[in-house]
Amino acid sequence: MVDKVIVRSYGAAQTVTGSCHLVQVGGLKVLVDCGMFQGHDEHHNYEDFGFDPRDIDYLIVTHSHIDHIGRIPLLVKRGFRGKIISTAPTRNIARIMLLDAAKVMEEEYRVLYRKALRRGHPEDVKPPLYDEDDVYEAMEHFRIILDYHQTYQITDYLRITFKNAGHILGAAYVEMDVNINGRNRKIIFSGDLGMKERLIIKPLEFSRSGNVIFTESTYGNRLHKSLKETIREFKEAVIKSFEDGGNIVIPTFALERAQEILYVLRHMYDRGELPKCKVFLDSPLAISATKIFLQFPEYFNDATRKMVQEGKNPFIFPYVHFTTTVEESKTINAIDTGAIILAGSGMCTGGRIKHHLKHNLWRPESSVIFVGYQAKGTLGRQIIDGAKTVRIYGEEIAVKAKIYTINGFSSHADQSVLLEWLRSFEDKETVYIVHGEPEIMEVFRDKINGELSVKSHIVEKGEAIYIT
């Protein structure tokens, strides 16, 4: 029994990335997520955590997106020796995501260092946060693997349970049951939540009991298109593109989005809707993630699991080719027509997608289909905003290909689902809003205050929240 719980958010507080929440329960210190800051907040990655990593007893990982796991190797590098708790898919995906992050940081460092060296100021370039060896050491700390609805008793006054967040494979939200002054209190950390309809995985699970809720608010100000409408738009774009000739280039995030697009193309193939073509998954990370998906069919929804039971691979069919090497990727550039090319990065900021855009963007007979969010300042955003030319690898490329934007594939819950999830907690007392941009959080807070009979509060970075 303890007299209070103290929660401090050192990331994803009035910003979207860097998820990191410290929960102090008596003398025990538990961290929920340890993510990397991205975009305009990435400079925070080099700052102190705000706490001593050596003091952390447990790290609970909600899911394996980089903004929730990206600083785990740094945490270990700075002294964390506790145990990491996650689902099995989260652990397996975290390994490939963190190794890829270490590789990307090293490559970026080498490029920037050479440029700084030529300027005579090599000291201007910060070294990578960690390397591959640090990742391997961090993975040794994933020692407690839980399934959904499996409870782990940390102490006699604290136990945790995972529930299905419906976000990506293995994603969970966390229920913490704490005995505070002889009274059981349930604290919820949402991680990231998904929609009620999902193509591959089981959808978001609703709960009835939760007193204090820390909820994400990424899309707390908007509604998504229905999954049915999104799939229809995507199919129409693919079919229309092939009528025009040329190739189809799809910038694709390696985790979840790549698998969803393959899944839709597989169904088009089965129904005779997909013209004869070659589908290239040109992303080593996406290929690795797809293989991990196939290791966990028990996390699939009923329809996808039925496909597996019937001996069908949800992601692979006769037209699909996995290209792992650079040499294999280069051969795709010789194809003028009839290719669907899925490659990263999803926002076209780097990776193989830039080469494929360079070879296809200037061709009126080709198409580019965007199936993910394009942040301001990225190459992808320039294209969907109507740029007539873009610069790729130092060369001006005309934008003459047909551009399609399909917005409904988001793995994040929209405002209506977030509210429905919060409404399902019958004994809720306070909602704390994290993981969102300030203006969006304010819209979501006002919506909570207007529709739910509960107190809500936007969390500030480092703010101490006392739960009694």
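## Helix H5 and what covers it

Helix H5, which takes in residues 227–243, has 17 residues and reaches 25 Å from its first C-alpha to its last, a span close to the 24 Å expected at 1.5 Å a residue. The structure described here is a predicted model, and the values given below should be read with that in mind.

The buried residues of H5 are Leu 227, Thr 230, Ile 231, Glu 233, Phe 234, Lys 235, Ala 237, Val 238, Ser 241 and Phe 242. What covers these buried residues includes helix H6 (257–270) and several strands, among them E12 (248–251), E15 (339–343), E16 (367–370) and E19 (402–405). H5 is followed by Gly 245, a residue whose phi is positive, near 85 degrees.

## The nonpolar cores

The largest nonpolar core has 137 residues, and those with the most contacts inside it are Tyr 130, Met 176, Phe 214, Phe 234, Leu 265, Val 279 and Ile 340. Helix H3, residues 88–119, gives the largest share of this core, with 10 residues. Apart from this core lies another one, of 19 residues, which includes Cys 348, Leu 361, Phe 370 and Ile 383.

Met 176 shows what surrounds one of these residues: leaving out residues up to four places away in sequence, Met 176 touches Val 23, Val 30, Val 32, Ile 60, Leu 158, Arg 159, Ile 160, Arg 185, Lys 186, Ile 187 and Phe 189.

## The seven-stranded sheet

An open sheet of 7 strands runs in the order E6-E5-E4-E3-E2-E1-E22, and its pairing is mixed. Strand E6 (142–145) and strand E22 (465–467) are the edge strands, each of which pairs on one side only. From one strand to the next, the twist averages 25 degrees.

Strand E1, residues 5–11, is joined to E22 by 3 bridges, and these two strands run antiparallel; Val 5 stands opposite Ile 467 in E22. Helix H3 packs on the sheet, where H3 touches strand E5 (83–86) and E6, and the direction of H3 makes about 155 degrees with that of E6.

## Strand E11 and its two partners

Strand E11, residues 212–215, is covered on both faces: Val 212 and Phe 214 lie on one side, Ile 213 and Thr 215 lie on the other, and all of them are buried. E11 pairs in the parallel sense with strand E10 (residues 183–189) over 3 bridges, and Phe 189 stands opposite Phe 214 in E11. E11 also pairs in the parallel sense with strand E20 (residues 430–433), over 4 bridges, where the bridge partner of Thr 215 is Ile 433.

In strand E17, residues 389–392, Val 390 and Ile 392 make up a covered face, while Thr 389 and Arg 391 make up an uncovered one. E17 and strand E18, residues 395–398, pair in the antiparallel sense over 4 bridges, and Glu 395 in E18 is the bridge partner of Ile 392. The hairpin has 2 residues between its strands, and in it Tyr 393 takes a positive phi near 50 degrees.

His 21 lies in strand E2, residues 20–25. His 21 counts as buried because its relative accessible area is 5%, and the cut-off for buried is under 20%. The side chain of His 21 makes polar contacts with the side chain of Ser 9, at 2.8 Å, and with the side chain of Ser 19, at 3.4 Å. Leaving aside neighbours within four places in sequence, the residues in contact with His 21 include Arg 8, Gly 11, Val 30, Val 32, Phe 189 and Val 434.

His 412 is found in the loop between E19 and helix H12 (415–423). His 412 is also buried, with a relative accessible area of 13%. The side chain of His 412 makes a polar contact with the side chain of Glu 216, at 3.2 Å. Beyond its neighbours within four places in sequence, His 412 is in contact with residues including His 167, Asp 192, Met 195, Thr 218, Tyr 219 and His 224.

## A buried phenylalanine in a loop

Phe 296 lies in the loop between helix H7 (284–293) and helix H8 (302–309), and this residue is buried, with a relative accessible area of 9%. Not counting residues up to four places away in sequence, Phe 296 touches Ala 88, Pro 89, Asn 92 and Leu 169. Phe 296 and Ile 201 are 95 residues apart in sequence, and their C-alpha atoms are 10.0 Å apart in space.

Definitions and conventions. Residues are numbered from 1 along each chain as its sequence is written. This is a predicted model: local features need pLDDT of at least 70, side-chain atom pairs count only at pLDDT 80 or more; totals for chains, interfaces and linings use all residues. Side-chain values use heavy atoms; hydrogens and water are left out. Buried means under 20% relative accessible area, exposed over 50%, partly exposed in between (1.4 Å probe, protein chains only). Contact means heavy atoms within 4.5 Å. A nonpolar core is a set of buried Ala, Val, Leu, Ile, Met, Phe, Trp, Tyr and Cys residues joined through side-chain atoms within 4.5 Å. The expected span of a helix is 1.5 Å times one less than its number of residues. Two strands pair if DSSP finds at least two bridges between them. Axes are lines fitted to C-alpha atoms, for helices over the stretch in contact, and angles run from 0 to 180 degrees between N-to-C directions. A polar contact is a pair of N or O atoms within 3.5 Å; within protein, one must be able to donate a hydrogen and the other to accept it, and residues adjacent in sequence count only if both atoms are side-chain atoms.
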